Amino acid sequence: MKKGEGMMSEQRPEHWDSMYDSGEYLQRWDYTYPSQELVSFIATGLLPTDAMALDVGCGAGREAIFLAQQGFNVTGIDMSEKAIAIAKSRAVEQGVNVDFHCGNVLKMSEDNHSFDFVNDRGCFHLIGSEDRPYYVKEMVRVLKPGGRILLRGCREKPTWDNSFVPVTLNVIQEFFNPFFSSGPVLPLQMISNAAGVGLDGNLVVLQRRD
């Protein structure tokens, strides 16, 4: 498997499909509402009313659907066909249009400079160091100059899942400079629907340089 064409943390789509088939995703990372950090970011008014938004690793589509409900033009990509099927069904239930489709964030089909905003909740932290430059290259390619990324990922490798790769200040400086300016890297709790299930995470807002 070539670098830049691989799967996140060498996990293939069937790995994720099985979690959506079993319902495990509901206890691990899905939730009944959009994350409060995304709601807060949208509340700042930094995005134009007709913004083009991309949700990478969109899973079952909760945050992409929220973005569409705010009037944005939204694309959601995930490597799991099962996740995309659930996301499409949820969008129909909510009466919004989202372009959900399967894709690899390391090699996307989206057009150059086509997005104002990228939402990443737990996608980048599944990409190993050897492939992270390809992620950044794709973000630079699909974002318009001045476009932003809301990036959240684990603060340190959790004991219960060795596939996570932490998102830290050093990581942001190593991989995103000089293509992006960044705000502070701030701690947060990444939560799910399951009681007592959470992940110590970090959040940072990145802006593509002109």
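**A helix pair and its surroundings**

Modeller: Helix α6 passes helix α7 in a right-handed crossing, in what is a predicted model. Two packed helices are described by the angle between their axes and the distance between those axes. Here α6 covers residues 132–142 and α7 covers residues 169–176. Their axes come within 10 Å and cross at roughly 65 degrees.

On the α6 side, the contact is formed by Arg132, Pro133, Tyr135 and Val136. They meet Val171, Phe175 and Phe176 of α7. Sorted by class, the residues of this contact are six nonpolar, no polar and one charged.

The contact with α7 is one part of the setting of α6. Buried residues in this helix are Arg132, Tyr135, Val136, Glu138, Met139, Val140 and Val142. An α-helix has 3.6 residues a turn, so residues three or four places apart point the same way. Besides α7, the buried residues of α6 pack against the strands β1 (52–56), β4 (115–121), β5 (143–154), β6 (180–182) and β8 (198–208).

The next step is to look at the nonpolar cores. In soluble globular proteins, nonpolar side chains tend to be buried together. The largest nonpolar core of this model has 32 residues. Ile42, Leu67, Val74, Phe100 and Phe117 have the most contacts inside this core. Two or more residues come from each of α1 (13–22), α3 (36–43), α4 (62–69), α5 (81–94), β5, β7 (186–191) and β8. Of the elements, α4 gives the most, with five residues. A second, separate core has 27 residues, among them Cys123, Phe124, Val142 and Phe176. Two of these names have already come up: Val142 is a buried residue of α6, and Phe176 is one of the α7 residues in the helix contact.

Leu38, Val39 and Ile42 of α3 make the contact with Glu63, Phe66 and Leu67 of α4. By class there are five nonpolar, no polar and one charged residues in it. Ile42 and Leu67 were named above for their contacts inside the largest core.

Leaving aside neighbours within four places in sequence, Phe100 touches Cys58, Gly61, Ala64, Ile65, Gly76, Ile84, Ala87, Lys88 and Ala91.

Note on methods. Residues numbered from 1 in each chain as written. Predicted model: local features only at pLDDT ≥ 70, side-chain atom pairs only at ≥ 80, totals over all residues. Heavy atoms only, no water. Axes fitted to C-alpha atoms, helices over the stretch in contact; angles between N-to-C directions. Helix = DSSP H or I, 4+ residues; strand = E, 2+ residues; numbered from the N terminus. Left-handed = near helix turned anticlockwise from the far one by under 90°. Contact = heavy atoms within 4.5 Å. Nonpolar A, V, L, I, M, F, W, Y, C, P; charged D, E, K, R; others polar. Buried < 20%, exposed > 50% of the residue type's maximum accessible area, 1.4 Å probe, protein only. Core = buried A, V, L, I, M, F, W, Y, C linked by side-chain atoms within 4.5 Å.
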